[in-house]
Amino acid sequence: MAMVAEGILVGLLAGGVITLYRLALSNAEHLLRSITALASHSILGMMGWALVLLALCLVVCFLVRWEPNTAGSGIPQVDAEVMDRLDMPWHRVIVAKFIEGTLCAFAGLSLGREGPSVQLGGVSGKAVSRILKKDRGEERILVTCGAAAGMSAAFHAPLAGVLFAVEEIHREFTAPLVISAMTASLSADFLVSQILGVQPVLSFSFTHDVAHAHYGLLLLFGALCGLLGALHNAGMFACQEHLFDRLKGYLPFSRYVIPFIIAWFAAFWFPDLMCGGDAIVERMLSPEGLTIGSALMLLVGKYLYTTICFGSGAPGGTLFPLVILGSLAGLIFGMATVALPNIPDGYVANFMVLGIAGLFAGAIRAPVSAVVLCFELTGTLDALLAVSIVSITSYVVANLTHVEPFYEVGLGRLIEVTPDDPTVNGAGDRLLHTYHVAAGSMVEGRLVSEVPWPNGALLVNISRAGSNIIPTGKVQLMALDEILVTMNADTDWDTDLIIHKLCEGRV
């Protein structure tokens, strides 16, 4: 009962913060479009907006220098907090992230609100923990609950919020964790709904069920989404490594000035690309719609602009732009598909939703969250099988490309994990088993040599934040590590049970 009550407190606090955050972003975008529409009529107005962007860039840079944990989306920071590799000052993060996100939206940067909402929710959970004077182990659980509440409040999708927090952040399914995260998520969604209404952030609908005879199209589209997800990640990583990581001086000013310069061009020549992507949604859902050519240009332009904005480390997320990119990819595929014989025109709307699930699963590698998110965006389970096929296919194909998951690399960069990281080594038939080190488990924080491994068990690999670490006795195990253990086949059942007990969390 205590965890349920604490989950409600976290959900209400996170929901309140993110409601204000969403209102601030919405008003900032409306003000942005009004001002730039007036400024576009004269050279003097356009130059005046350039000065405004310069001032906004300077303020954002000073805030990030004041609180560095607010750079980027914020989701890797929440991951690191749950791993106990980061201790964010919750009050500074809330103030700085809120202002930075609002100013970046007012500037027109192509960034989403979901990543910052997850971070704001996570630090709200930390605030509740500090107020209630909880220990560090329970605090990390409340941070996960706050992350679930943040995702829920950002998308109006409470179930997707729970699954995203458990699948992507905590990576452990236990009854106390799921129940407390669900309580926080539902509380946040209830509060947001009372103020902003019950309509989902994106209101899509399936018009025709995909006939079983056409399921080959789902497999093809899922494979394409997996490739697009891997390409999305590879481009983001390359932009960070080959462009922004080479800018060593005057940080973060030298990095942030690039997206703010591009924002000036976008404001007057490519206004649909500004902000998260609400303008693109309106065009997709308008009676006139888009042609394949215009949808393709928006897809490429939105991706490039988002890559520059996010790659710079500017405070903001990519989840909402990613959702928009998935919808555009589905729109293009659907319009190309209905040109084939015996394919109903209603499939176009279906593929717009399927594209969200496919690209989400391919880039983030959270296929279950992708399926539930689509269910909550459409309000129907009619296409559950179709969405699941696309999501799983995309997930498998993206993994086959060997491009790392999006937030895994972000987490690795944050905590500076490398394959030779020094922080993590019988006879007969051998079996391999994989385990996840849970937050608060018996092995967390202990050296490999200090763990009472059962007889015949040998730790052969540690996967941490997308990097493989060779296990030696001096390597320290951490929450969210994935460990590979080999054991004797004849004692497999007993050994597996013991290691499960060592790695499971204690709530």
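This is a predicted model: local features need pLDDT of at least 70, side-chain atom pairs count only at pLDDT 80 or more; totals for chains, interfaces and linings use all residues.
Visitor: How many of the 19 residues of α5 are buried?
Guide: Let's start with where this helix sits: α5 covers residues 114–132. From its first C-alpha to its last, α5 reaches 27 Å, close to the 27 Å expected. The rest of the structure largely encloses α5, because the number of its residues that are buried is 16.

Visitor: Is Ala-80 buried or exposed?
Guide: Ala-80 belongs to helix α3, residues 75–82. Leaving out residues up to four places away in sequence, Ala-80 touches Arg-85, Leu-86, Leu-411, Leu-414 and Ile-415. Buried means under 20% relative accessible area. Ala-80 has 0%, so it counts as buried.

Visitor: Which residue meets Arg-92 in a salt bridge?
Guide: Good one to look for in the structure! The two side chains come to 2.9 Å, N to O, and the partner of Arg-92 is Glu-67. This pair links distant parts of the chain, 25 residues apart, with Arg-92 in helix α4 and its partner in the loop between α2 and α3.

Visitor: How far apart are the closest N and O atoms of Arg-140 and Glu-444?
Guide: Both residues fall under the 20% cut-off for buried. Arg-140 has 5% relative accessibility, and Glu-444 has 17%. They form a salt bridge, and the distance between their closest N and O atoms is 2.3 Å.

Visitor: How many salt bridges does the structure hold?
Guide: Some are linked in a network of Glu-81, Asp-87, Lys-126, Arg-130 and Glu-139. Another joins Glu-504 and Lys-501. For the structure, the count of salt bridges is 14.

Methods. Residues are numbered from 1 along each chain as its sequence is written. Side-chain values use heavy atoms; hydrogens and water are left out. Helices (H or I, at least four residues) and strands (E, at least two) are DSSP runs, numbered from the N terminus. The expected span of a helix is 1.5 Å times one less than its number of residues. Buried means under 20% relative accessible area, exposed over 50%, partly exposed in between (1.4 Å probe, protein chains only). Contact means heavy atoms within 4.5 Å. A salt bridge is a side-chain nitrogen of Lys or Arg within 4 Å of a carboxyl oxygen of Asp or Glu.
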